[in-house]
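Subject: Two-chain model, handover and findings

Hello,

Here is the structure I promised. Please load it first, then read the notes below.

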Amino acid sequence: MAKIVAGVFTSHVPAIGAALDNGKTAEPYWQRVFGGYEKSKEWIEKVKPDVCIVVFNDHATAFSVDIVPTFALGCAEEFIPADEGWGPRPVPVVKGHPELAAHIAQSVILDEFDLTVVNKMEVDHGLTVPLSLMFGQPAEWPCKIIPLAVNVVLFPPPTGNRCYNLGKAIRRAVESYPEDLRVAIFGTGGMSHQISGPRAGLINSEFDKAFLDALATDPKKAVGIKHVEYMREAGAEGIEMVMWLVARGALDEEVNEVYRFYTVPASNTAVGHLILENKVA
Amino acid sequence: MEKPEKEYADIPGTTIFDADQSRKGYGVNMFCMSLLKADNRAAFKANEAEYLKAFNLTPDQTEAVLKRQWNRMLELGGNIYFTSKLGATDGLSFQQVAAMMTGATQQEYADMMLAGGRSVEGNRRKSEWEHKNG
């Protein structure tokens, strides 16, 4: 039987990818960011997940304004890193797990979560930056990846509560898959940031830290945060944090906090990172 | 019946990209989307006004794009993840475009971020900005 072993939560700031790709990781500014992921890389090398489900958002790359799926599950064999306007990131092609992905799609749809199945999708920094932070710069990514794209571009995104419950449905799906697989689930995006309009540059560390605390010890508190509160308190684009709740929903209510990291800024954004594991029964 | 005020309408300096904005800005966003292809970036750079004709923009939208009025593009229905592709075509990073939208120089903006970013205090409601300016 497949099982979810851990949740990884991290910002997915594009400038982090650019810094890595352009060899700037040793600069003090970027060392402050990348240094915060050294322990995480050691941790995931030990945990060795077979599959990572990565909850992320597409930033007008695979989806324009022609089609805006609220939840879209990547069921393809592979996903090509996209050219977002600066040329594609020099990272390995992302290999999917079509059998498990199809099983999850079927299971959650029958569980009344009507997500969209995607059989062809280029993936942008929202997906590849978290992989780089956790796995560094390997020639191939060390595990299979199932992308789950959540709309946070066109208001309204799904509610925190809906995301949390989808996470629970994903867990039921994974645990009904017959093959023994170790699955980690990533919630990405955030933390506080606004990159649009005259209020750009907004950061709210107090909000972010309270969110990290809630995620670790009292997820229901985070689930109750309304969209307008994210946007007012954590910036228009801070609403990406709802995606963390999908991953949180796939874990036990009580978890062990393995690791936490927070720094400001990476480019325009507060960087938050958390690793949670289910308690061993 | 009049539409009720949107609950996010009083966040200052912020245009939320909702269905109304999306409808208004379809052409702007699809133009920006086209810039994901290197050939299109080259064609746009070769003759910007001519290239824009295919996207049915309003005269205001065309002017905002040609003059790189980043905030106005958002007000006219553009979304930042789309308009940033125009920034990329100009060789600008997200942070450079963000700085322009705040009216700061890139250095001032980068310094503000290094110092912890723009505080939420005094930046939650439009009334706080009116107070500041009045």
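In chain B, 56% of the contacts between residues at least 6 apart in sequence join residues at least 24 apart. A contact here means that two C-beta atoms, placed from the backbone, lie within 7 Å.

This is a predicted model: local features need pLDDT of at least 70, side-chain atom pairs count only at pLDDT 80 or more, and totals for chains, interfaces and linings use all residues. Residues are numbered from 1 along each chain as its sequence is written, chains are lettered from A and ligands numbered from 1 in the order in which they are written.

Chain B

Chain B has ten helices and zero strands. Both are DSSP runs numbered from the N terminus: helices are H or I with at least four residues, strands are E with at least two. The C-alpha atoms fill a box of roughly 50 × 45 × 20 Å along the principal axes. Of the 134 residues in chain B, 40% are buried (20 or more other C-beta atoms within 10 Å of the residue's own, C-beta atoms being placed from the backbone).

One helix pair is worth a look. The axes of α8(B) and α9(B) come within 9 Å and cross at roughly 100 degrees. Axes are lines fitted to C-alpha atoms, for helices over the stretch in contact; angles run from 0 to 180 degrees between N-to-C directions. That makes α8(B) roughly perpendicular to α9(B) (65 to 115 degrees). α8(B) brings Q95(B), Q96(B), A98(B), A99(B) and T102(B) to the contact, and α9(B) brings Q106(B), Y109(B) and A110(B).

The interface

Contacts link 43 residues of chain B with 32 residues of chain A. On the chain B side, α2 (26–34), α6 (70–75), α7 (80–89), α8 (94–102) and α9 (106–114) each supply at least two residues. The largest share, six residues, comes from α7(B).

Chain A

Chain A holds an open sheet of eight strands with mixed pairing, in the order β6-β3-β7-β2-β8-β1-β10-β9. Strands pair if DSSP finds at least two bridges between them. β6 (116–118) and β9 (255–266) of chain A stand at the edges with a single partner strand each, so one side of each has no neighbour in the sheet. Neighbouring strands are turned by 20 degrees against each other on average, direction ignored.

β1 (residues 3–10) and β8 (residues 182–188) of chain A run parallel, joined by seven bridges. V8(A) stands opposite F186(A) in β8(A).

Best regards

Note on methods. Angles under 35 degrees count as roughly parallel, over 145 as roughly antiparallel, 65 to 115 as roughly perpendicular and the rest as oblique. A residue is buried if 20 or more other C-beta atoms lie within 10 Å of its own, exposed if 12 or fewer, and partly exposed in between; C-beta atoms are placed from the backbone.
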